[in-house]
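Below are some comments for a colleague who is looking at this entry, arranged as numbered points. Please read them with the coordinates open.

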Amino acid sequence: MSEPARQVERARQVERARRIVLAALRIGLGALFVVAGVLKLRDPTAFATEIANYKLFPSLAPYLATCLPAIEIVAGAALMVAPLAWRRAAALVTMGLLATFTVAVVYVVRSGINVDCGCFGGNSGPVTAWTIARDLALLGAAVLIFRDKERYAH
Amino acid sequence: MSTLVRAFVLVVSGALVGVAGNAARPHGLKVAAFAPPTQCSGAEGHAAAEVLQPSEATTLCGQAGVVIADTRPAPAFAEGHVAGAVHLPCDAGGQAAVEALAHFERAHTILVYGASTDDARAVADSLQQRHPAVRVALLGGGFQAWSAAGLACASGPCNECKASNP
């Protein structure tokens, strides 16, 4: 095989690997959002309490507890199975949600507020620096999915 | 249709599904009536708990229908607490708060304390709002005053709470 042909083949392999990684990230992130939304739906009153404990906008807690789980499920499902243009929109929604979650957990860790995360409904464990790292990693995955423009060409 | 518009459609449709689903559930969240079980500061409303000094409060110990609640963080509770106290930190999480509040269902008196008098005031006031028919009292001087008076304390996790409280 000539050198140019080898380079083309290598580029194909890299592109194939990139697509596989991005597809895995997209499906994994979508599934995580669906699971998180379903777990939060089990006990909306407990979830509203968790949100109120963050002390950011406690008066909004019942409204967020009502809407947020379903938004997560819709965005997660769209990220996994919707047509390409809608997947990019779902990636944008997950980016927005994860950015908001990250700000909230950074706020409670910096304020020293001891609060249950509520990330996966009741008994999700306390908010720690690990929660911030996890949210940032997920946010990074959402950004990668959103920026993958070729896949979402329309 | 732009990506931004599609994202907006996803958020709005999700929110609508959430509101409709909650309305359809028999045990859904009562949005208008929701109040957190405990508050760390700024309890709204006019309910205000009375303050009992340790010497008065100690007469309540061991009485049926009296529940003692400790609002301090877990490490302080583990170091020592009023014997038989239920742990109800002001920022108790959903399930933990529900479990702690279950102790109050048959209580006629709830004695609340923190590190100081004011430390537990918001939680006491919010409990008084939540249970208007129950006498909610605040321990004057908090755990510090109780401990200084040499009254009964326990250490470590509160294993006896469920057994000793109604």
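1. In this predicted model, A:Asp148 has a relative accessible area of 6%, and because that value is under the 20% cut-off, the residue counts as buried. A:Asp148 lies in the segment that follows helix 5 (129-147) of chain A.

2. The surroundings of A:Asp148 can be stated briefly: once its neighbours within four places in sequence are left aside, A:Asp148 is in contact with A:Arg18 and A:Leu22. With A:Arg18 there is also a polar contact between the side chains, at 2.9 Å.

3. Turning to the interface, chain A and chain B bury about 2,600 Å² between them, and 71% of this area is on carbon and sulfur atoms. On the side of chain A, the residues that lose the most area to chain B are A:Thr49, A:Thr66 and A:Trp86, which together make up 20% of what that side buries.

4. How many residues does each chain bring to the contact? Chain A provides 36 residues and chain B provides 27 residues. Between the two chains the rule finds 0 salt bridges, while 2 residue pairs are in polar contact, both at pLDDT 80 or more.

5. As for the elements involved, helix 2 (44-53), helix 3 (61-81) and helix 4 (84-111) of chain A each give two or more residues to the side that touches chain B, and helix 3 of chain A supplies the largest share, 10 residues. Sorted by class, the side of chain A that touches chain B consists of 23 nonpolar, 7 polar and 6 charged residues.

Technical notes:
Residues are numbered from 1 along each chain as its sequence is written. Chains are lettered from A and ligands numbered from 1 in the order in which they are written. This is a predicted model: local features need pLDDT of at least 70, side-chain atom pairs count only at pLDDT 80 or more; totals for chains, interfaces and linings use all residues. Side-chain values use heavy atoms; hydrogens and water are left out. Contact means heavy atoms within 4.5 Å. Buried area is the accessible area (1.4 Å probe) that two parts lose on being put together, summed over both. A salt bridge is a side-chain nitrogen of Lys or Arg within 4 Å of a carboxyl oxygen of Asp or Glu. A polar contact is a pair of N or O atoms within 3.5 Å; within protein, one must be able to donate a hydrogen and the other to accept it, and residues adjacent in sequence count only if both atoms are side-chain atoms. Helices (H or I, at least four residues) and strands (E, at least two) are DSSP runs, numbered from the N terminus. Ala, Val, Leu, Ile, Met, Phe, Trp, Tyr, Cys and Pro count as nonpolar, Asp, Glu, Lys and Arg as charged, and the others, Gly among them, as polar. Buried means under 20% relative accessible area, exposed over 50%, partly exposed in between (1.4 Å probe, protein chains only).
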